[in-house]
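New notebook page, new structure.

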Amino acid sequence: MRLAPLSRELERLSENNSDDVRWKNKLRKIRRREMLRIALKDISLQMPMVMIVSDLSTLAMAIVQAALDRAWMRTREKEDPVLIGRLESHFCLVAMGKLGGSELNYSSDIDLIPLFDESEVQSIPEAKQIYKK
């Protein structure tokens with residue numbers, strides 16, 4: 001699975017759905033469709049396991065990125081966009097475990113660690129509250 005086409009689809013999904021409930025429902029449908037596609041490759045085409053776990057990991061990474069992008073977008077709507085842009089540029093999510101190693105299987109959970117620049121939190125009073133959201 002290639003990340004770019006799926007990421008573009010998820011980006012368009014967010015652009016075309018202002019309602020969060022609708023967006024989440026459509027995101028679930030895309031996830032189910034992609035899981036079915038991966039399972040069919042696994043069962044019918046008997047693709048090597050390394051390709052299957054890579055596809056599952058790519059799917060998870062794309063969905064996590066889409067959710068993070070959506071969260072930042074929603075936060076920019078409620079807070080000062082310049083401030084949020086600054087905080088966003090000092091934030092990242094680190095994937096641990098099987099996702100971090102691109103070895104996700106069908107029943108894996110994902111472990112994510114949020115990291116941010118402590119100096120930004122100290123220099124911007126609202127930063128701590130925004131990062132908590």
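**Entry 1: the overall picture.** I noted at the start that this is a predicted model. I counted up the secondary structure and got 7 helices and 2 strands. Reading from the N terminus, I wrote the order down as α-α-α-α-β-α-β-α-α. Then I looked up the extent: the C-alpha trace spans about 55 × 30 × 20 Å along its principal axes. Of the 133 residues, 32% count as buried. I also checked how far apart in sequence the contacting residues are. Among contacts with a separation of 6 or more, 62% are between residues 24 or more positions apart.

**Entry 2: the cores.** Which residues have the most contacts inside the largest nonpolar core? I found L6, L10, L13, L27, L56 and L59, in a core of 17 residues. The elements giving two or more residues to this core are α1 (3-15), α2 (20-43) and α3. The largest share, 7 residues, comes from α3. I took a closer look at L13, leaving aside its neighbours within four places in sequence: L13 touches W23, K26, L27 and I30. There is also a second, separate core, this one of 11 residues, with L68, W72, I84 and I130 among them. A general reminder to myself: in soluble globular proteins, nonpolar side chains tend to be buried together.

**Entry 3: R70.** Next I picked out an arginine in helix α3 (residues 49-78), namely R70. Is R70 buried or exposed? Its relative accessibility is 3%, and the cut-off for buried is under 20%, so R70 counts as buried. I then asked what R70 is in contact with, leaving aside neighbours within four places in sequence. My list reads S14, N17, S18, D19, D20 and W23.

**Entry 4: α3 against α4.** I stayed with α3 and looked at how it sits against helix α4 (residues 81-88). The two axes come within 8 Å and cross at roughly 150 degrees. Angles over 145 degrees count as roughly antiparallel, so that is what I wrote down for α3 and α4. The crossing of α3 past α4 is right-handed. Which residues meet there? On the α3 side I have W72, T75 and R76, and on the α4 side P81, I84, L87 and E88. Sorted by class, this contact has 4 nonpolar, 1 polar and 2 charged residues.

Methods: Residues numbered from 1 in each chain as written. Predicted model: local features only at pLDDT ≥ 70, side-chain atom pairs only at ≥ 80, totals over all residues. Heavy atoms only, no water. Helix = DSSP H or I, 4+ residues; strand = E, 2+ residues; numbered from the N terminus. Buried < 20%, exposed > 50% of the residue type's maximum accessible area, 1.4 Å probe, protein only. Contact = heavy atoms within 4.5 Å. Axes fitted to C-alpha atoms, helices over the stretch in contact; angles between N-to-C directions. Parallel < 35°, antiparallel > 145°, perpendicular 65-115°, else oblique. Left-handed = near helix turned anticlockwise from the far one by under 90°. Nonpolar A, V, L, I, M, F, W, Y, C, P; charged D, E, K, R; others polar. Core = buried A, V, L, I, M, F, W, Y, C linked by side-chain atoms within 4.5 Å.
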